[in-house]
Amino acid sequence: MKSGLSAVGVLVVLTVSACGQGAAGQAPVPAADGAPAPAPSSSAPAPDRGVDPCTLLDPKDRSTAGINVLGVAKEINGARACDWTVPATFGVTITVDEKNGLADLEVARKTATKTKVGGRNALKVADKKAADGTCAVLLGMGEKASVQIDVSNTNFTDTPLACERAVTVAGLAEPKLP
C-alpha cells in the first residue's frame, strides 16, 4: 500500500455488483494524492492498447469456469474490461488496468488476502462478514499494471463460491498475461 496520501486522497471501496444488474464489476479506483480518478470513457478502446480482457478466456476456459456466454467489452474508470453474465447464476468482469500495479491500488486490508496465481503476486478480496456473494482476485502485471477479476453471484449469497469462481478464472487468465 502507498503511504503519504494527502488528507484529500482517494478512499477506495471495492464494489462488485451483480453482472447484468446495474453497474457491473466496478474496478477499484487507483490511489491518488489529491488527483481525481479518470472519468469513464464512452469511446471504444483502441485495438493496439495492449491486453484485451475479452481474449483472456477462450471457449475452453469459459467452459471450465462454467461460463456459457460471450464476453461484452466495456470500459470501467478508464480501464478496458470484459463482462460475462451467466443468466440467473453469476457474472464475471475482467478489468485490465495498464496504469496501476497492485501497490498502487488501495484495498481495505481486512478484506484482502495476499496470494499467488501462477507465479504472480495477487490479492484475493472478499468481505466475509458482508457475505454478499462477491469476490475479486487482483493480479499484478509488472510494477505499473494489474488485472482484476470480479465475480458476483446473482443472488448475492455464497461468498466462498464467488471466491472459488474468481480464483478459477484468475488461474485461466494468468498464463495469457504478459
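This text walks through the predicted model, from the whole chain down to single residues. Local features need pLDDT of at least 70 and side-chain atom pairs count only at pLDDT 80 or more, while totals for chains, interfaces and linings use all residues. Residues are numbered from 1 along each chain as its sequence is written, and side-chain values use heavy atoms, without hydrogens or water.

Start with the fold. The chain has two helices and seven strands. Helices (H or I, at least four residues) and strands (E, at least two) are DSSP runs, numbered from the N terminus. Along the sequence the pattern reads α-β-β-β-β-β-β-β-α.

Next, packing. Contact means heavy atoms within 4.5 Å. Among contacts with a separation of 6 or more, 60% join residues 24 or more positions apart. Of the 178 residues, 45% are buried (under 20% relative accessible area, 1.4 Å probe, protein chains only). The accessible surface is about 8,900 Å², by the Shrake-Rupley method with a 1.4 Å probe. Carbon and sulfur atoms hold 56% of that surface.

Now zoom in on Thr111. This residue sits in the loop between β3 (90-97) and β4 (112-117). Thr111 counts as buried because its relative accessible area is 12%. A polar atom of its side chain lies 2.9 Å from the backbone oxygen of Ala108. Beyond neighbours within four places in sequence, Thr111 contacts Lys124, Val125, Ala126 and Asp127.

Finish at Phe90. Arg165 lies over the face of this ring, at 4.0 Å from the ring centre. The criterion is CZ of Arg, or NZ of Lys, within 6 Å of the ring centre and within 35 degrees of the ring normal.

Note on methods: Buried < 20%, exposed > 50% of the residue type's maximum accessible area, 1.4 Å probe, protein only. Polar contact = N/O pair within 3.5 Å; in protein donor to acceptor, adjacent residues only side chain to side chain.
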